[in-house]
Amino acid sequence: MTTMDEYNQCQEAVRRLHAYLSHELAPDDEMLVQSHLTRCQGCLAKFTFEEALLRTIREKAEAVHAPDTLRDKILNLLHTEES
Ligand SMILES: [Zn+2]
């Protein structure tokens with residue numbers, strides 16, 4: 001069941017998407033978005049997708065500037081942390 005209220009919450013969450021991912025939100029707003037994401041699969045998917053996209057763009061930007069050896073070192077570090 002989707003009420004008008006839920007629809008508005010999604011609109012509010014999506015409107016804050018980029019500010020949230022850039023950590024530019026006020027703590028209150030950030031909490032609002034976070035609590036919405038725990039309840040809303042649709043927005044969570046949207047946020048996860050955007051976050052992955054931003055990370056890819058950032059990695060590509062780094063790859064252009066960093067020499068291969070440095071990039072490999074960074075990638076190795078990241079993989080070690082993830083596992
Ligand atoms: Zn939502």
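Residues are numbered from 1 along each chain as its sequence is written, and side-chain values use heavy atoms, with hydrogens and water left out. In this predicted model, local features need pLDDT of at least 70 and side-chain atom pairs count only at pLDDT 80 or more, whereas totals for chains, interfaces and linings use all residues.

The chain holds five helices and zero strands. Helices (H or I, at least four residues) and strands (E, at least two) are DSSP runs, numbered from the N terminus. Read from the N terminus, the order of elements is α-α-α-α-α. The chain has a radius of gyration of 17 Å, whereas a compact globule of 83 residues would have one near 12 Å. This radius is taken over C-alpha atoms, and the globule rule is 2.2 Å times the number of residues to the power 0.38. The C-alpha trace spans about 55 × 25 × 20 Å along its principal axes.

Of the 83 residues, 17% count as buried. Buried means under 20% relative accessible area, exposed means over 50%, and partly exposed lies in between (1.4 Å probe, protein chains only). The accessible surface of the chain comes to about 6,800 Å². Carbon and sulfur atoms hold 58% of that surface. Accessible areas come from the Shrake-Rupley method with a 1.4 Å probe; for residues, only the protein chains shown count as cover. Among contacts with a separation of 6 or more, 53% join residues 24 or more positions apart. Contact means heavy atoms within 4.5 Å.

Distant parts of the chain are linked here: Cys 10 sits in helix H1 (residues 4–15) and His 36 in helix H3 (residues 27–39), 26 residues apart. Cys 10 is partly exposed, with a relative accessible area of 23%. His 36 is buried, at 6% relative accessibility.

The largest nonpolar core has 10 residues: Ala 13, Leu 17, Tyr 20, Leu 21, Leu 25, Val 33, Leu 37, Cys 40, Cys 43 and Phe 47. Helix H2 (17–21), H3 and helix H4 (41–65) each give two or more residues to this core. H2 gives the most, with three residues. A nonpolar core is a set of buried Ala, Val, Leu, Ile, Met, Phe, Trp, Tyr and Cys residues joined through side-chain atoms within 4.5 Å. In soluble globular proteins, nonpolar side chains tend to be buried together.

Val 33, in helix H3, is buried, with a relative accessible area of 2%. Not counting residues up to four places away in sequence, Val 33 touches Arg 16, Tyr 20, Leu 25 and Phe 47. Its C-alpha atom is 10.0 Å from that of Arg 15, a residue 18 positions away in sequence. With neighbours within four places left aside, Leu 25 is in contact with Arg 16, Ala 19, Tyr 20, Glu 30 and Val 33.

Arg 16 lies in the loop between H1 and H2. Arg 16 is buried, with a relative accessible area of 18%. Beyond four places in sequence, Arg 16 touches Leu 25, Asp 29 and Val 33. Asp 29 lies in helix H3 and is partly exposed, at 26% relative accessibility.

His 23 lies in the loop between H2 and H3. Its phi is near 55°, a positive value in a residue other than glycine. His 23 is exposed, with a relative accessible area of 64%. Lys 73, in helix H5 (residues 68–82), is also exposed, at 58%. The C-alpha atoms of Lys 73 and Ala 13 are separated by 36 Å, and the two residues are 60 apart along the chain.
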